[in-house]
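Biologist: Please take me through this structure, one feature at a time. How should I read each one?

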Amino acid sequence: MRIGAHVDSADPLAEAASRAADAVQFFLSDPQGWEAPEPREDADRLRAAEVDVYVHAPYVVNVATTNNRIRIPSRKLLLGHATGAAAIGAKGLIVHGGHVNAGTDLAIGFDNWRKTFAYAADNGGFGVPVLIENTAGGDNACARRLDALARLWDAVGAYDVGFCLDTCHAHAGGEELLDLVDRVKAVTGRIDLIHANNSKDAFGSGRDRHDNLAGGTIDPELLVAVIRAADAPVIVETPGGVDGQGNDIAFLREHLGGTTA
C-alpha cells in the first residue's frame with residue numbers, strides 16, 4: 001500500500017523524502033485562486049520519480065453551481081489543472097464534489113457535473129483520472145452523503161470517473177465509518193484514493209478540520225479498518241508538517257504494513 005502526504009508544492013520530492021513517503025499530493029497553483037497552473041521546471045523529475053504524484057484542484061472549483069460566473073470558469077480551471085497534472089505524470093486529480101445554491105434542485109448540480117465531463121471530452125479529455133472527493137458540510141452538497149453521491153454517479157459514472165474517500169469529511173458529514181467502504185463501493189464501484197485524516201470535530205458537525213491520526217474524535221483503530229478495507233493508496237492531509245505527517249505515515253505502516261520510500 002502506497003502511503004504519502006499532502007505537501008508544499010515548491011519541492012514535492014524533497015518533502016516526500018523528509019517524511020519517508022511513497023506518494024505526495026500538492027496544488028499546482030493557489031488553492032484559493034483562479035490562476036491556471038504554470039509549467040513546472042521539475043516536471044521531468046516528477047514523471048521519473050518512484051514517488052507517486054497526485055494533484056489537488058483548487059478549492060474554488062465548483063462545477064455544480066448554477067452561478068455562471070463560477071461554474072464556467074471552474075470547468076476551464078479543472079481542465080487546465082488536469083492538463084498540468086498529466087504533464088507531471090500524476091496518477092490523479094482530486095476535486096471536491098461541489099454544491100448548488102440554497103433552494104436549487106440538486107439534480108441541476110448533478111447534471112452540471114455531467115456537462116463538465118462532456119465539456120472535457122469535447123476538448124480532448126482530461127488526460128488524467130479525475131477523482132471526486134466527498135465533502136464534509138453543506139445541505140446542498142453533491143458528495144457529502146451517500147444518497148447524493150449515488151445520484152452524482154448516475155450522472156457521471158459513464159465517464160469512468162474515480163473516487164477519493166476522505167475519512168474526516170465522511171465523519172463530519174454524518175456518514176458512519178463502520179462498513180463505509182462497502183457502502184461507498186456499492187455506489188461508485190471503486191475507491192481510488194484515501195485521504196486519511198482524523199477529525200477535530202464531532203460526528204455530523206459539518207466542519208472540515210483535520211487532526212492527526214492518533215488524535216481527534218475518530219477512533220484510530222476505526223480509521224485503520226477503513227483504510228485496510230479500501231485497499232487504495234493513502235494520502236494524509238494532517239497537521240504538524242514533517243513531524244506530524246511523518247508520524248502519521250509511520251503509524252499507518254505499523255498498523256497496515258507498507259513499502260518504504
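**Helices, strands and loops**

Modeller: Start with two helices. The axes of helix H8 (residues 220-230) and helix H9 (residues 241-256) come within 11 Å and cross at roughly 70°. That makes H8 roughly perpendicular to H9; angles under 35 degrees count as roughly parallel, over 145 as roughly antiparallel, 65 to 115 as roughly perpendicular and the rest as oblique. The model is predicted, with local features needing pLDDT of at least 70 and side-chain atom pairs pLDDT 80 or more, while totals for chains, interfaces and linings use all residues. Residues are numbered from 1 along each chain as its sequence is written, and side-chain values use heavy atoms, leaving out hydrogens and water.

Biologist: What do helices, strands and axes refer to here?

Modeller: Helices (H or I, at least four residues) and strands (E, at least two) are DSSP runs, numbered from the N terminus. Axes are lines fitted to C-alpha atoms, for helices over the stretch in contact, with angles from 0 to 180 degrees between N-to-C directions.

Biologist: In which hand does H8 pass H9?

Modeller: A crossing is left-handed if the near helix is turned anticlockwise from the far one by less than a right angle, and right-handed if clockwise. H8 passes H9 in a right-handed crossing.

Biologist: Which residues in H8 and H9 meet?

Modeller: Contact means heavy atoms within 4.5 Å. H8 brings Pro220, Val224, Ile227 and Arg228. H9 brings Phe251, Leu252, His255 and Leu256. By class, the contact has six nonpolar, one polar and one charged residues. Ala, Val, Leu, Ile, Met, Phe, Trp, Tyr, Cys and Pro count as nonpolar, Asp, Glu, Lys and Arg as charged, and the others, Gly among them, as polar.

Biologist: At what angle do the axes of H4 and H5 cross?

Modeller: The angle between helix H4 (residues 106-122) and helix H5 (residues 146-156) is roughly 35°, and their axes come within 8 Å. H4 passes H5 in a right-handed crossing. On the H4 side are Leu106, Ala107, Phe110, Trp113, Arg114 and Phe117. They meet Ala148, Arg151, Leu152, Ala155 and Val156 in H5. That contact has nine nonpolar, no polar and two charged residues.

Biologist: Now the strands. In what order do the eight strands close into a barrel?

Modeller: Strands of a sheet pair through backbone hydrogen bonds, either parallel or antiparallel. Two strands pair if DSSP finds at least two bridges between them. Here the order is S1-S2-S3-S4-S5-S6-S7-S10, and the pairing is parallel. The twist averages 25° from one strand to the next.

Biologist: How many bridges join S1 to S10?

Modeller: Three join strand S1 (residues 3-6) to strand S10 (residues 234-236), and the two run parallel. Find alanine 5 and you will see valine 236 of S10 opposite.

Biologist: Which residues lie on each side of S3?

Modeller: In a regular strand the side chains alternate between the two faces of the sheet. On S3, Asp52, Tyr54 and His56 take one side, and Val53 and Val55 the other; all are buried. Buried means under 20% relative accessible area, exposed over 50%, partly exposed in between (1.4 Å probe, protein chains only). Strand S6 (residues 162-166) also has both faces covered, with Gly162, Cys164 and Asp166 on one side and Phe163 and Leu165 on the other. Five of the five residues in S6 are buried.

Biologist: Why does aspartate 52 count as buried?

Modeller: Because its relative accessibility is 14%. Aspartate 52 sits in strand S3 (residues 52-56). Leaving aside neighbours within four places in sequence, aspartate 52 contacts Arg2, Asp22, Ala23, Val24 and Lys91.

Biologist: Where is serine 29?

Modeller: Serine 29 is in the loop between strand S2 (23-26) and helix H2 (43-48). Serine 29 is buried, at 16% relative accessible area. Beyond neighbours within four places in sequence, serine 29 touches Glu35, Pro58 and His81. Serine 205 is 176 residues away from serine 29 in sequence and 29 Å away in space, C-alpha to C-alpha.

Biologist: Is aspartate 160 buried or exposed?

Modeller: Exposed, with a relative accessible area of 58%. Aspartate 160 lies in the loop between H5 and S6. Its phi is near 60°, a positive value in a residue other than glycine. Aspartate 179 also has a positive phi, near 65°. Look for aspartate 179 in the loop between helix H6 (167-173) and helix H7 (180-188).
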